[in-house]
Amino acid sequence: MLIAFGLAVAVDLGSLLVGAGAGHQIAKPLLMPLLAAHVYARGGPRLLVAALLCGWGGDVFLLSSADLAFLLGMGCFAAGHVCYLVLFGKGRTHPGLGILYGIALVGAVAALWPDLPSDLRIPVAGYSVLLTAMAYRSSRLGLLVGLGGALFLLSDMLIATGVAHWPQLPRPDFWIMLTYLCAQALLAQAYRESRTFV
């Protein structure tokens, strides 16, 4: 399954780099089910599998540019973050890192707020709180999983700047998917840390 996931990642990112929309449309819905199947085959926790499958739902909805699809996709990802938060438990994390994440959250929401569509401001702000909490709590499971949480935050920040119509990098969808896929792959390593769950 891991080889199949790697091939799907290559097809998806390659398609985005060359502007082959059909390749992205085909490969993107395969990514999270393949990663979830790998985690399941390794005996990973059900909550981890559920979080990845919630990501699959978000991926599919975000293939559409409709506003409703965006909200439904954000809802799927929010459900995935709840799964991650429950999975990570209440163990000790570094308070200094929490302060940094809190500053980043307040600064990002304040900066984006005026440029977001009015009907998306509250949903995006609420989602941002949940995402930031997940990123912070992911650090409990070590450097790799914690980096996955941080990259998820970065990926969604890239999406938010696009929604706010801020200047974008060339091929923005490529950078969004690259950071997102690295994030989910690193978060999936939580199955190796099952002894730490409470």
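## Contact of α2 with α3

In this predicted model, helix α2 meets helix α3 through K28, P29, M32, P33, L35, A36, V39 and Y40, which face L48, V49, L52, L53, G55, W56, D59 and V60 of α3. By class, the residues of this contact comprise 13 nonpolar, 1 polar and 2 charged.

The two axes cross at roughly 175° and come within 8 Å. Since angles over 145 degrees count as roughly antiparallel, α2 is therefore roughly antiparallel to α3.

## Contact of α3 with α4

Helix α3 (residues 46–61) also packs with helix α4 (residues 67–88), at an angle of about 170° and with the axes 8 Å apart. The pair is therefore roughly antiparallel, and the crossing is left-handed.

On the α3 side, the contact is made by L47, L48, A50, A51, L52, C54, G55, G57, G58, D59 and F61. Their counterparts in α4 are A69, L72, G73, C76, F77, A79, G80, C83, Y84, V86 and L87. This contact contains 16 nonpolar, 5 polar and 1 charged residues.

## Nonpolar core

The largest nonpolar core has 47 residues, of which L31, M32, L52, Y84, F88, F152 and L181 touch the most other members. Two or more residues each come from α1 (2–18), α2 (21–41), α3, α4, α6 (121–138), α7 (143–163) and α8 (172–187). The greatest contribution is that of α4, with 8 residues.

## Surroundings of F152

Beyond its neighbours within four places in sequence, F152 is in contact with F77, H81, Y127, L131, M134, Y180, A183, Q184 and L187.

Conventions. Residues numbered from 1 in each chain as written. Predicted model: local features only at pLDDT ≥ 70, side-chain atom pairs only at ≥ 80, totals over all residues. Heavy atoms only, no water. Axes fitted to C-alpha atoms, helices over the stretch in contact; angles between N-to-C directions. Helix = DSSP H or I, 4+ residues; strand = E, 2+ residues; numbered from the N terminus. Parallel < 35°, antiparallel > 145°, perpendicular 65-115°, else oblique. Left-handed = near helix turned anticlockwise from the far one by under 90°. Contact = heavy atoms within 4.5 Å. Nonpolar A, V, L, I, M, F, W, Y, C, P; charged D, E, K, R; others polar. Core = buried A, V, L, I, M, F, W, Y, C linked by side-chain atoms within 4.5 Å. Buried < 20%, exposed > 50% of the residue type's maximum accessible area, 1.4 Å probe, protein only.
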